[in-house]
Amino acid sequence: MTATTPTRDTRTTRAARATADLRPVSFGTLTLVEWRKQLDTRAGRWMLAVIAIVTAGVLAVMMAVNGGNHSFSAFVIGTTTPMAMLLPIVGVLAATSEWSQRTALVTFTLEPRRTRVGLAKVVGAIGSGLALLVLTVGLAALAHLLVVAFRDADPAWDLTLHAVALLALTVVLFMAQGVGFGLLLRSTPAAIVTLLLVPTLFGLVGGLVPGMAEVLPWVDLGTATEPLLFGGTLDGAGWAHLATSALIWVVAPLVGGLWRVARSEITSS
Amino acid sequence: MITVEHLTKRYGPVAAVDDVSFTVEPGHVTGFLGPNGAGKSTTMRMICGLTPATSGAARVLGKPFPALANPGRRVGVLLDAAAQHSGRTGREVLTLAALMTGVDRRRIDTTLDLVGLTDREAARRVGQYSLGMRQRLGIASALLGDPEVLILDEPANGLDPAGIRWMRDLLDDFAGRGGTVLLSSHLLREMEAVADRIVVIGRGRVVAEGHKDELLRQAGTFARSTDDGALALALRQGGVGVEELATGGLAVEAEPLDVGRAAAAAGVVLAELRAADSRGLEDLFLELTADDARAQTRMEVPA
């Protein structure tokens, strides 16, 4: 660090550039910046690396047990449970780090339209989630290729585009949910605990209440997304269950979080 | 140009900022001075659209801050140097700001150079920075967008004397090119060195505003003579307030010319006659905020 004496460049003269050519920050730019922010810290990179490592670990175990005789889609399905647990955390961190690391002050002075920043976080997090999904499917294909080549498993390239599309939909829902809880609660531990525990407890307690059994599929996201994660299909009622439970566990927290960010005071403490 | 009009922020019954109005003109460094908790930071956050005002309004370059298109290119803001992600490198912090505001990435190096952060320092994570280095990084990110206005909250905090000198030169240069600067501090000496206009705030209210020299100028005359006692007597007989200073000499509440006339009439030989020393900002500050301090003490006494 040297105490240089500034002689120029603190600002250029007005003639050097016109103010009129300044355009508002575009949503694309915001999204790219928010995506970069998920990856440019050790914490963020580790989170994604852990998911990739866990995925690879699950695949390795599957290759070892039962003679490695699993179809391509079985490998993919095997990885979705850890993904479903960990992916929303990426979304949570994208939102809460603004408060835990106090960067909100800078972010919202560079872009005062806070709702756009929140939505850019959602889109950026979905980008990360879909990239991980592509990686997972790739790793599963590799795992299946290996068991076919080296463990005499029966080749079964049975993963349908439909199943992948449903998985992608789940990723979108989980990422939006993570960002929503993060924006709403602003504390990483609180958001993660709430996100992982509350829907589970809700499902458990709901199961004990008589008469809830019929209502539960409509209001429990875990039940509603089960067919998506495990290679099933959705009938009309299934889609309706998904819609209502996503409204409660994804859309409501996200809208609430965006609303809170738009209205609240941004301080450094 | 920053215009603050009747800005008020209430938290429940407490007014953190109470009907504050002032303007910050281009071409000057305006100091925003007040003790801790006086409402400086709250006012600055309201100017930047981060804290919603209870009433009143603030405009930057003629518009409410949130209405500026790409505000990072018009207004450089540093509200808390510590508020940076500790896991990012200094260069990454500036890269994110450059991407967001659409500034040419080459300007990152120019700006790092300007605030005196080396390439090696810029490659380190912010968590390892000293407060002084964070301040420099914060000033770098404020200057990155080549703004017309700078809003800096306590930027001298954590800087060493050389750093404060450096910042003064930097802000002088910025204002000299027609830029508008608002900076806050509770460090009076730094403010005395850096700012040429001053707004003093105490307990949420503006208690003084004006040119630094005007605020610091003190009415009165200092006189020393061969017979201070006789001079004091003569002046008092003329109805002029006089204080005999323990260190010798008289503090007289009159113009030097009148003191000279009184001395001549009394036949006292003057050894020294001049306008009173300008008081330091510290005296001014304590004087201006003393009433508030007393009021607060009174309020705290149970009825």
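1. Helices and strands are here runs assigned by DSSP, a helix having at least four residues and a strand at least two. Read along its sequence, chain A then gives the pattern α-α-α-α-α-α-α-α-α-α, that is, 10 helices and 0 strands. The model is predicted, and what follows should be read as a description of that model.

2. Chain B has another make-up, with 11 helices and 13 strands. Its C-alpha trace spans about 75 × 50 × 35 Å along the principal axes, and the values for chain A are also about 75 × 50 × 35 Å. Of the 303 residues of chain B, 47% count as buried; in chain A, buried residues make up 39% of 269.

3. A word on how the chains fold back on themselves. Among contacts with a separation of 6 or more, residues 24 or more positions apart account for 80% in chain A and for 70% in chain B.

4. Where do the two chains meet? On one side there are 39 residues of chain A, in contact with 46 residues of chain B. On the chain A side, the elements that give two or more residues are helix H1 (27-39), helix H2 (42-64) and helix H4 (104-110) of chain A. The residues on this side of chain A divide into 15 nonpolar, 14 polar and 10 charged.

5. Chain B contains an open sheet of 6 strands, in the order S5-S6-S7-S3-S8-S9, with mixed pairing. Its edges are strand S5 (75-78) and strand S9 (205-211) of chain B, each of which pairs on one side only. On average, neighbouring strands of this sheet are turned by 15° against each other, direction ignored.

6. Strand S6 (149-153) and strand S7 (180-185) of chain B are parallel and share 5 bridges. Within this pair, Ile151(B) has Leu182(B) in S7(B) as its bridge partner.

7. Helix H5 (131-143) of chain B lies across S5 and S6, at about 160° to S5(B).

8. Which residues have the most contacts inside the largest nonpolar core? They are Ile47(B), Ala140(B) and Ile151(B), in a core of 84 residues. Leaving aside residues up to four places away in sequence, Ile151(B) touches Met44(B), Ile47(B), Cys48(B), Val75(B), Val77(B) and Leu182(B). A second, separate core has 52 residues, including Met62(A), Ile89(A), Ala94(A) and Phe181(A).

9. Leu231(B) counts as buried because 26 other C-beta atoms lie within 10 Å, and the cut-off for a buried residue is 20 or more. With residues up to four places away in sequence left out, Leu231(B) touches Ala223(B), Ser225(B), Leu250(B), Ala263(B), Ala266(B) and Val268(B). Leu231(B) and Ala264(B) are 33 residues apart in sequence, and their C-alpha atoms are 9.5 Å apart in space.

10. Is strand S13 (270-275) of chain B well covered or hardly covered? This strand is hardly covered, as the count of buried residues among its 6 residues is 0. S13(B) is joined to S10(B) by 5 bridges, and the two run antiparallel. In this pair, Phe222(B) stands opposite Arg274(B) of S13(B).

Definitions and conventions: Residues are numbered from 1 along each chain as its sequence is written. Chains are lettered from A and ligands numbered from 1 in the order in which they are written. This is a predicted model: local features need pLDDT of at least 70, side-chain atom pairs count only at pLDDT 80 or more; totals for chains, interfaces and linings use all residues. A residue is buried if 20 or more other C-beta atoms lie within 10 Å of its own, exposed if 12 or fewer, and partly exposed in between; C-beta atoms are placed from the backbone. Two residues are in contact if their C-beta atoms, placed from the backbone, lie within 7 Å. Ala, Val, Leu, Ile, Met, Phe, Trp, Tyr, Cys and Pro count as nonpolar, Asp, Glu, Lys and Arg as charged, and the others, Gly among them, as polar. Two strands pair if DSSP finds at least two bridges between them. Axes are lines fitted to C-alpha atoms, for helices over the stretch in contact, and angles run from 0 to 180 degrees between N-to-C directions. A nonpolar core is a set of buried Ala, Val, Leu, Ile, Met, Phe, Trp, Tyr and Cys residues joined through C-beta atoms within 7 Å.
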